[in-house]
Amino acid sequence: MKYSLGVTLSALTSTSVASGIDYHNLPIEPVFPGPWDKYIKAPANKSFITPARFWKIEGNVTTPSSSGEPITARHNYGGSVLVGEGGLLTVEFQENIAGHVCFQVDSVSDEPVLNLAYSESPFFVGRKSDATNEEEWDLPLPIHIGNRTGSLCVDPEFNRGAFKYLTLYIDTIPVLKPQGQTSLHYLFGSVKSTAQKVLKLSKPSSHALDEKRPYSKPSVGITEIWVNCTSFPSQRNGRAYSGYFHSSSDLLNRIWYAGAYTLQLSTIDPSEGSALIPVNRYIDHNKSPPGSWYSNFTVAKGTAVTTDGAKRDRLVWPGDMYIAIPSIAVSSYDMLAVRNALDVIFKHQYDDGSIPYAGPPLGYRGEFSDTYHLHALLGVYDYVLYSGDVAWLREHWASYTWALEVSVAKVDERNLMHVSSPFDWNRHGMGGHNIEASAILHEVLRRSAKLASWLSDDGFDARGAGEKWKLVRRNLARGIAQLYCNATGLYSDNLSRGHCAGPAHVDPQDGNSWALIADMHGRGSGVPEAVSRALRARWTGFGAPAPEFPNVMSPFASGFELQAHCAAGRPGAAVELARLMWGYLLDGPGFTNSTLAEGFRADGSVHYPAYPAPSRNSHAHGWAAAPTSVLAGCVLGVWLWGPGAATWSVRPVLTRWLGWARGGFAVRRGRFEVLVWRVVLKSGGERAARGVVAVVRGPEGTRGRFGWGGLRDGYEGEGEGEGEGEGEEFMVEVEGGETRGWVRLEGEDTKSSATTEEIEVSDAIWEVKEGEKWYEQIIPYGVGDALVYDGSFQEPVMQERKPGVVDWEKLADGYVDTRGRW
């Protein structure tokens with residue numbers, strides 16, 4: 001069997017633009033089908049997702065299994081599952097999922113009320129749902145079944161954003177009622193105060209409430225349970241990815257696809273956003289009981305929008321965009337959902353030019369964050385870079401530059417941005433002369449100059465604006481240099497208490513990462529490597545800590561750190577951190593093994609210390625998906641430089657962690673694909689020099705360059721001072737549409753004597769045949785010699801590290817109560 005490299009002929013007609021992708025009409029088949037598809041977590045049929053197994057059975061429950069042990073659940077259970085009074089059944093789905101729960105009911109007795117409770121983590125399975133708001137738990141959903149049989153689904157407003165465990169139970173009905181209360185008051189009074197009404201029951205029947213009620217035995221027989229998932233509405237086939245990643249590391253492969261799936265679940269129908277009951281109560285004075293939740297608030301226009309998380313908050317947060325957008329671009333290419341998110345943010349831009357902290361239902365009370373404001377501008381750059389939608393940029397350019405000036409105006413005589421808002425990603429110490437905000441602004445200004453150059457044909461003075469912004473960048477670089485601490489090899493947080501000699505000295509993970517991402521150090525500077533090494537030295541057994549937010553392990557801030565190691569020319573550290581921290585996010589106790597969580601505690605607990613309630617943690621959060629784009633850029637080495645991939649570069653590097661890797665993604669102009677693997681030169685039957693082979697191709701009609709990755713200038717520099725590629729200078733021009741290959745052979749003594757030569761390859765090299773390993777193909781080299789896979793490669797053993805330790809005194813100080821905030 002041979003895997004084809006494109007969508008089907010019928011799909012090409014409606015979804016492709018010159019072998020690229022039209023994000024208004026995404027493919028219905030994978031663009032790069034292959035054996036890597038086994039890592040995809042998205043369901044084959046998202047309208048009918050069934051449980052994988054019975055996970056827990058308590059009390060009055062009868063299953064088709066005579067032993068009473070949990071049995072595998074396919075599309076039905078081979079008979080009816082009978083849940084009676086006091087009975088509880090929990091089913092587990094194969095992956096974290098989302099959507100409307102439905103049942104096939106074949107029998108009922110005494111008008112049962114079936115309660116539903118949801119949980120992403122196995123640690124919070126029970127009679128209440130994990131939290132989406134300020135309460136410790138969400139309320140269960142009572143389904144008043146009455147005498148109905150057949151198909152039964154919860155109402156649309158109860159689309160649960162994410163869950164892996166579904167619990168069904170029928171409460172025990174007490175025989176005696178308190179004196180002076182009718183059966184109606186007794187039976188349904190507690191329901192009114194502790195639950196939400198589902199299926200719009202008009203009025204309980206008198207039969208269920210007469211004096212014979214103590215002798216009734218409510219029960220329901222269920223033959224099927226399924227979920228209709230409405231996430232990723234732009235994709236008719238959620239498994240039809242436009243990108244892929246496949247390597248010798250099974251763990252890295254799983255991480256890449258978990259990030260892609262996390263972003264799919266977080267992409268929703270805009271009419272199904274979270275109503276944020278506790279926050280809206282201050283505006284609409286709703287009387288909904290504490291713990292109630294609804295997915296019925298319209299958070300944007302259009303048919304799809306990317307949000308922060310699947311369970312919560314199901315609304316547009318600009319802070320997630322810098323991580324989410326590139327990872328969406330290289331996996332599903334749902335740029336329409338991205339554009340709709342940016343549209344709603346700019347639509348609600350404040351009268352002073354600042355951008356709201358978040359989209360509706362927030363943003364109506366002046367909520368603002370200096371850093372999230374800047375993240376929105378970073379999102380604009382990434383959207384235009386991957387989509388090529390310069391027309392959208394032109395339409396929003398005045399709003400963009402207005403917002404940019406809000407931040408530029410805050411750069412004062414200290415040559416740092418003076419932060420006026422304490423809000424960020426819940427980290428401590430925001431305000432004043434803060435490194436994180438200043439470094440992000442430095443990068444925003446660089447990108448703004450590029451955006452301006454793309455609009456130069458409109459009469460905009462791109463050169464003049466670029467020179468102005470370049471001056472501000474230089475001043476910011478001087479200001480940020482004041483924060484460097486020689487004793488720690490890291491940047492301190494601010495010029496006040498958090499400075500090197502300050503009483504509350506802290507070297508923040510986010511600020512140090514951004515100082516490297518922003519590329520403010522000269523080529524000869526040793527600071528980037530020093531910062532990268534110092535950051536790595538702080539890792540624990542669970543990943544990279546964030547000292548600016550005590551007790552927190554944040555995949556958001558650690559996503560920045562992944563990029564920082566790449567920017568410092570140390571991609572091996574980035575791959576190592578991805579394996580360490582994101583591996584734990586997949587396989588650690590209490591996680592979903594399929595999506596990536598918002599964060600966790602320093603000791604490895606699934607409790608994210610931003611909130612008092614451990615169950616509130618979002619286990620499918622877009623800001624955790626950084627490895628999906630980092631592996632495409634830092635390992636495969638694909639970087640776009642012009643809008644819509646008009647120009648690009650490929651600089652792959654395997655690092656010591658990989659024996660081979662391949663991957664690619666499609667954009668509107670066409671497809672990128674890269675193969676890279678270790679080889680040895682076999683000469684006269686003997687094995688001689690070791691090396692690396694790379695094969696690349698880009699979209700037809702575009703221009704690119706190829707070199708070897710691994711140096712700082714190869715991460716984000718577009719040719720600014722071409723650096724060495726792992727010890728040698730090499731760069732060659734590449735025309736899109738061509739398949740080109742090179743081998744880099746090491747010398748006998750040191751890497752400095754390595755040489756690169758082009759090798760002859762054909763389009764057949766991309767083919768993947770069932771049962772064969774593509775990287776084991778033999779490539780002729782010279783006369784009678786050949787390049788063969790270096791089978792001696794062995795994946796290194798991860799370094800043993802101690803687990804993190806919780807500072808219990810500081811734990812409560814980190815909790816964020818949004819009721820007080822808003």
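**Entry 1: cores**

I started at Met335. Leaving aside neighbours within four places in sequence, Met335 is in contact (heavy atoms within 4.5 Å) with Tyr23, Ile325, Ile328, Ala329, Tyr383, Tyr386 and Ser387. I note that this is a predicted model: local features need pLDDT of at least 70, side-chain atom pairs count only at pLDDT 80 or more, and totals for chains, interfaces and linings use all residues. Residues are numbered from 1 along each chain as its sequence is written, and side-chain values use heavy atoms, with hydrogens and water left out.

I then looked up the largest nonpolar core, which has 212 residues. A nonpolar core is a set of buried Ala, Val, Leu, Ile, Met, Phe, Trp, Tyr and Cys residues joined through side-chain atoms within 4.5 Å. Buried means under 20% relative accessible area, exposed over 50%, and partly exposed in between (1.4 Å probe, protein chains only). Phe103, Leu114, Leu116, Leu166, Met335 and Trp425 touch the most other members. A second, separate core holds 20 residues, including Trp677 and Leu787.

**Entry 2: strand β23**

I took helices (H or I, at least four residues) and strands (E, at least two) as DSSP runs, numbered from the N terminus. Two strands pair if DSSP finds at least two bridges between them. β22 (residues 660–667) runs antiparallel to β23, with 8 bridges. A hairpin of 2 residues joins β22 to β23. Phe665 has Phe672 in β23 as its bridge partner. β23 also runs antiparallel to β31 (residues 785–789), with 4 bridges. There, Lys682 stands opposite Ala786.

**Entry 3: salt bridges**

I counted a salt bridge where a side-chain nitrogen of Lys or Arg is within 4 Å of a carboxyl oxygen of Asp or Glu. The structure holds 32 salt bridges. Arg254 and Asp587 form one of them, at 2.7 Å, N to O. Arg254 lies in α3 (residues 250–265) and Asp587 in α14 (residues 571–587), so the pair ties together parts 333 residues apart in sequence. Arg254 is buried at 17% relative accessible area, and Asp587 is partly exposed at 44%.

Glu795 and Arg579 form another, at 3.3 Å, N to O. Glu795 lies in the loop between β31 and α16 (808–811) and Arg579 in helix α14, so this pair ties together parts 216 residues apart in sequence. Arg579 is buried at 9%, whereas Glu795 is partly exposed at 36%.
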